Amino acid sequence: MNKKIGVLALQGSAEEHLGVLMRLDSVIAIPVHTKEELKSVDALILPGGESSVIGKLLHIFDLFDLLKERIQDGMPVWGTCAGTILLANHIVGEDPYLSAINITVARNAYGRQIDSFCTKAIIPQISNRESDLIFIRAPKILSWGNDVDILCRLGDSPVALRSGNVLVTAFHPELTDDPSFHRYFASMIR
């Protein structure tokens, strides 16, 4: 049976996620702009981009309440970079958006655009091969609850975490040739 995975396509790296998803077997990838599209998907990716802009657009397009409800009802959701900020319970210095995972984040904590970098790590839950981790103005996860599993750390800081139906990465797997993270996310759909 095909799994229908949406990518919030209001702003940010939606096309890159859609491109990776289209390479996976048994996955139908669709851009999500409307309530009807959001209602039709089995899971949703919140892409990297500008979290404050995406947060405003969720309200402008009247998707915010439905998205929050779907996440609370168990729909798998994955936030990359800005998506992580949108899903966090706490954001340093501002109000949270969706409050879907018990983490505290600081925006752009790894530096500005010019400070972007790539590193590698083996993340056993994702793949037995090294994964490229691309950080672009990435948020830093400062704290997390006992209900949150750390999948990967960069030094002392977690950069990939999961709590139930919510997955977050401070980096951008969609900008690599490796579909392992997208395959893992698809496996979260029951």
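A salt bridge, for this tour, is a side-chain nitrogen of Lys or Arg within 4 Å of a carboxyl oxygen of Asp or Glu. Keep that in mind as you click around this predicted model.

**Stop 1: Arg 137 and Glu 50**

Select Arg 137 and Glu 50 and show their side chains. They meet in a salt bridge, 2.9 Å from N to O. Now colour the chain by position: Arg 137 sits in the loop between E8 and strand E9 (140–144), while Glu 50 sits in the loop between strand E3 (43–46) and helix H3 (51–60). That's a link between distant parts of the chain, 87 residues apart.

**Stop 2: Lys 120 and Asp 132**

The structure has 5 salt bridges by this rule, so let's visit another. Pick Lys 120 and Asp 132, whose side chains meet at 2.5 Å, N to O. Here the partners are 12 residues apart, with Lys 120 in strand E7 and Asp 132 in strand E8. Lys 120 is partly exposed, with a relative accessible area of 49%; Asp 132 is partly exposed at 29%.

**Stop 3: Asp 178 and its surroundings**

Next, select Asp 178 and Arg 129, a salt bridge at 3.8 Å, N to O. Asp 178 lies in the loop between E12 and H6 and Arg 129 in the loop between E7 and E8, so this pair ties together parts 49 residues apart in sequence. Is Asp 178 buried or exposed? Its relative accessibility is 14%, so it counts as buried.

At 71% relative accessibility, Asn 128 counts as exposed. Try the distance tool from C-alpha to C-alpha: Asn 128 and Asp 178 are 12 Å apart in space, and 50 residues apart in sequence.

**Stop 4: the aromatic rings**

Finish with the rings. There are 4 aromatic pairs in the structure. Select Phe 135 and Phe 171: their ring centres are 5.7 Å apart and their planes at 55 degrees, so the pair is tilted. Phe 135 and Phe 171 are both buried.

Phe 171 is in the loop between E12 and H6, and Phe 181 is in helix H6.

Which residues form one aromatic cluster? Select Trp 78, Phe 135, Phe 171, Phe 181 and Phe 185 together to see it.

Key
Residues are numbered from 1 along each chain as its sequence is written. This is a predicted model: local features need pLDDT of at least 70, side-chain atom pairs count only at pLDDT 80 or more; totals for chains, interfaces and linings use all residues. Side-chain values use heavy atoms; hydrogens and water are left out. Rings of Phe, Tyr and Trp (its six-membered ring) pair if their centres lie within 6.5 Å; planes under 30 degrees apart count as stacked, over 60 as edge-to-face and the rest as tilted. Buried means under 20% relative accessible area, exposed over 50%, partly exposed in between (1.4 Å probe, protein chains only). Helices (H or I, at least four residues) and strands (E, at least two) are DSSP runs, numbered from the N terminus.
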